[in-house]
Amino acid sequence: MDPTFDPTKETLNLLVSSGIAKARLPWPDLILKSLLAGAFLSIGALFSLIVAGGAPTLRAENPGLATMLASFTFPTGFVILTIVNTELFTANVFVLILTMFMRKTTWLDLLRNLVLSYIFNLGGCLFVAGFLCWWTDSLSTDTLKSFAVTQAEGRVNVQWSVNFLRGVGCNWLVGLAIFLSISCRDKVSKIYAIWIPIWTFVAIGYQHCIANFFLVPIGMFYGTNFGVGKFIYQSVIPVTLGDIVGGAVLDGLFIWFLYGHRIMKKRPSVETDTRDQLPS
């Protein structure tokens, strides 16, 4: 192995290259990739919902095992959307904040990507919730429908600060999944690197704002005890803000401080050695 090879620097270079590519995406590509990311994520969430909702006895007798099994299925959507290279709002918070700190993209690039990915992630989630779940009657039993309502109420009928902190914890782990996966060179390793952090955040009960755009509306379709206004105030706002803090600070800022700014300091004033320079 080359003694000058630094795997962390290599991972950082790949992350910055990814952020630059995201910033340069044409509008149609960004919109379509964002729609697909929301849809793929929702399919994984639906998989998890069916597993958990279809095992009421297991949930009553062994809730830890039920949680472990249901949360294990959830990362399916994350794996698909990552391998297909789509645009997920929560992952982009981390990547584009880091790229901006590395002075490779601008605030305008960040806002353009995050606003569009957020809106069209929502569109993809609602498409799956309305057409590929509710209309197809994927939750075909009363037990599944009841569980969809129960899990939605559990995401909304909690304190504002609780949902905010659950969002922070969630996107910290999502950012770590992105960091770990981009350092892998083969698909199997990438899948494993994505699966473990995502499985962890779901099992803990942290909140992902885009996943909630599927999981809460599908519960509302079957009759929750709250409306759209409470969903927005009590869930959408705090979880989104928490996801932003988790991805921007605990991932983007911390990784830049630990590794990125040191690489920036090492850049030579003349281009005699390009090993420490990040892609432009």
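Helices here are DSSP runs of H or I with at least four residues, strands are runs of E with at least two, and both are numbered from the N terminus. The model is a predicted one, so local features need pLDDT of at least 70 and side-chain atom pairs count only at pLDDT 80 or more, while totals for chains, interfaces and linings use all residues. Residues are numbered from 1 along each chain as its sequence is written, and side-chain values use heavy atoms, with hydrogens and water left out.

Start with the annotated spans. The unreviewed UniProt entry gives "transmembrane region" for residues 30-52, 72-102, 114-135, 164-182, 194-216 and 236-259; positions follow the numbering used here, feature names are shortened, and such annotations may be inferred rather than shown by experiment. In the model, residues 30-52 are 100% helix and 0% strand, with 33 Å between the end C-alpha atoms. Residues 236-259 are also 100% helix and 0% strand, and their end C-alpha atoms lie 32 Å apart.

Next comes helix α4, residues 63-73, where Ala66, Ala70, Ser71 and Thr73 are buried (under 20% relative accessible area; exposed is over 50% and partly exposed in between, with a 1.4 Å probe and protein chains only). Looking down the α4 axis, these buried residues fall within an arc of 150 degrees, so they line one face of the helix; the arc is that of the directions from the helix axis to the C-beta atoms. They pack against α2 (27-53), α3 (56-61), α5 and α10 (187-204). Ala70 turns up again as a partner of alanine 52: leaving aside residues up to four places away in sequence, alanine 52 touches Arg59, Ala70 and Phe147, contact meaning heavy atoms within 4.5 Å. Alanine 52 sits in helix α2 and counts as buried because its relative accessibility is 11%.

As for charge pairs, the structure holds two salt bridges, each a side-chain nitrogen of Lys or Arg within 4 Å of a carboxyl oxygen of Asp or Glu. One joins lysine 22 to glutamate 87, with the closest N and O atoms 3.3 Å apart. Lysine 22 belongs to helix α1 (residues 7-23) and glutamate 87 to the loop between α5 and α6, so the pair ties together parts 65 residues apart in sequence. Both ends are tucked away: lysine 22 is buried at 9% relative accessible area, and glutamate 87 is buried at 1%. Asparagine 85, found in that α5-α6 loop, is partly exposed at 43%. The other bridge links aspartate 137 and lysine 145 at 3.9 Å, N to O. Here aspartate 137 is partly exposed at 35% relative accessibility, and lysine 145 is partly exposed at 22%.
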